[in-house]
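Dear colleague,

Please find below the structure I am handing over to you. My notes on what was found in it follow directly after.

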Amino acid sequence: MLKSLYPILLLFLLLNISCVENIIFIQVYPDGQTYLKIVSLGDSTDIHDNDFEHPLKNKSNENSSFSIIKKDSLWEATTEIIYKDPIFDSSPANGLGFNFHSSKEKTSLSTLYNFKMEFIGRAIKQNYPLLYQALKDNMLDSLDWLPEAMTVIINQSLTDLENETLEIKNTINRARLVNHFKNSFARITTFKELEYIQKNRLEFIKTTIKPFRLGENFSIKLARKMEMYENHLTTSLGLKDDSFVVKLLMPGEIFSANALSMNQDTLVWKFGIDSLLSDNYILKASSVKYSKKKIQKTSILVVCFLLIFGIILVNKQKKL
């Protein structure tokens with residue numbers, strides 16, 4: 001039963017990851033509304049996983065739609081949303097989250113538009129240094145990073161249990177327990193050993209903590225708590241070969257942006273998991289739209305003022 005909770009250890013290996021191409025198009029309208037279109041192209045398994053979820057895919061309404069179709073051997077998922085609010089937030093439980101915020105400010109002759117979008121970093125560098133290096137070096141097939149990753153997950157899970165139950169906090173010695181698990185994980189040197197642990201997860205935990213006499217109920221609670229952190233790490237690794245392209249169209253003329261390139265009037269960003277291993281990946285852009293009518297009126301007023309000033313100056317000269 002609990003064995004089914006832990007396909008994570010085999011997923012950790014991810015030696016043959018299929019890629020998904022995600023194209024995100026955003027258009028900020030002059031009235032402040034935002035049009036969002038997401039197109040994901042990949043095989044059936046990757047399109048339906050939770051690594052990068054389409055927002056509102058199960059909540060279609062008059063302002064949003066979601067569809068998925070098969071194109072040859074690949075699947076294409078498409079989401080379209082017209083969003084009226086200036087703030088949008090997509091925060092899935094384990095998958096890649098993102099948000100954006102748009103604003104506009106009117107001046108006497110123009111309207112300034114600001115747009116900021118954030119893709120939430122996966123904190124791999126902070127939490128799993130060896131895994132971070134393995135990802136940077138494209139060495140996920142090595143087991144060197146796994147003991148550290150599992151030790152971190154054990155520590156996080158035990159900390160949660162301590163915070164939730166005073167009885168557990170008073171019963172366990174977390175530092176000793178974490179170190180004990182760390183030594184057990186350090187002995188994993190082959191994929192065969194890893195597969196055995198995956199198939200016998202609960203028994204592995206019960207055997208490992210036997211010297212501490214914590215009982216089967218504690219083993220079950222620990223196993224279930226670990227699931228949350230393992231799932232988050234699994235989705236992070238599932239993003240390894242996914243690619244993202246963000247295209248942004250703003251009203252008026254762009255005067256500031258951190259885009260990688262610009263195709264005519266469209267700003268373009270391209271990134272992958274390497275940009276998400278630590279901090280958030282932030283996209284920014286600002287544009288200005290001038291009001292032709294206000295400029296014309298202002299120009300007419302200036303010309304009239306200059307004419308009046310000129311006439312007054314000429315009349316003074318004549319009187320002299």
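Two residues are in contact here if they have heavy atoms within 4.5 Å of each other. In this predicted model, residues 24 or more positions apart account for 66% of the contacts in the chain with a separation of 6 or more.

Overall picture

The chain has 320 residues, of which 42% are buried. Its secondary structure consists of 11 helices and 12 strands. The accessible surface amounts to about 18,300 Å², and carbon and sulfur atoms contribute 53% of that area.

Confidence

The mean pLDDT of the chain is 84, with 85% of the residues at 70 or more. Confidence is highest in strand E8 (residues 243-249), where the mean is 97, and lowest in helix H1 (residues 8-11), where the mean is 45. Over residues 1-16 the pLDDT stays under 50, although the model has 40 contacts beyond four places in sequence for this stretch. Where pLDDT is low, the predicted coordinates should not be read in detail.

Five strands form an open sheet in the order E5-E6-E7-E12-E9, and their pairing is antiparallel. At its edges lie strand E5 (87-90) and strand E9 (253-257), each of which pairs on one side only. From one strand to the next, the twist averages 15°. Within this sheet, strand E6 (residues 98-106) is joined to strand E7 (residues 110-119) by 9 bridges in the antiparallel sense. Phe100 stands opposite Met117 of E7.

Two helices with a buried side

Helix H8 spans residues 191-199, and its buried residues are Leu194, Ile197 and Gln198. These three lie on the same side of H8, because they cover an arc of only 100° around the axis. Lys192 and Tyr196 are exposed, and they sit on the face of H8 turned away from its buried side. As a general point, an α-helix has 3.6 residues a turn, so residues three or four places apart point the same way.

In helix H9 (residues 201-208), the buried residues are Arg201, Leu202, Phe204, Ile205 and Thr208. Viewed down the axis of H9, these buried residues fall within an arc of 160°, and they therefore line one face of the helix.

With kind regards

Conventions: Residues numbered from 1 in each chain as written. Predicted model: local features only at pLDDT ≥ 70, side-chain atom pairs only at ≥ 80, totals over all residues. Heavy atoms only, no water. Pairing = 2+ DSSP bridges. Helix = DSSP H or I, 4+ residues; strand = E, 2+ residues; numbered from the N terminus. Axes fitted to C-alpha atoms, helices over the stretch in contact; angles between N-to-C directions. Buried < 20%, exposed > 50% of the residue type's maximum accessible area, 1.4 Å probe, protein only. Arc of directions from axis to C-beta. Areas by Shrake-Rupley, 256 points an atom, 1.4 Å probe, with all protein chains shown as cover. pLDDT = per-residue confidence, 0-100.
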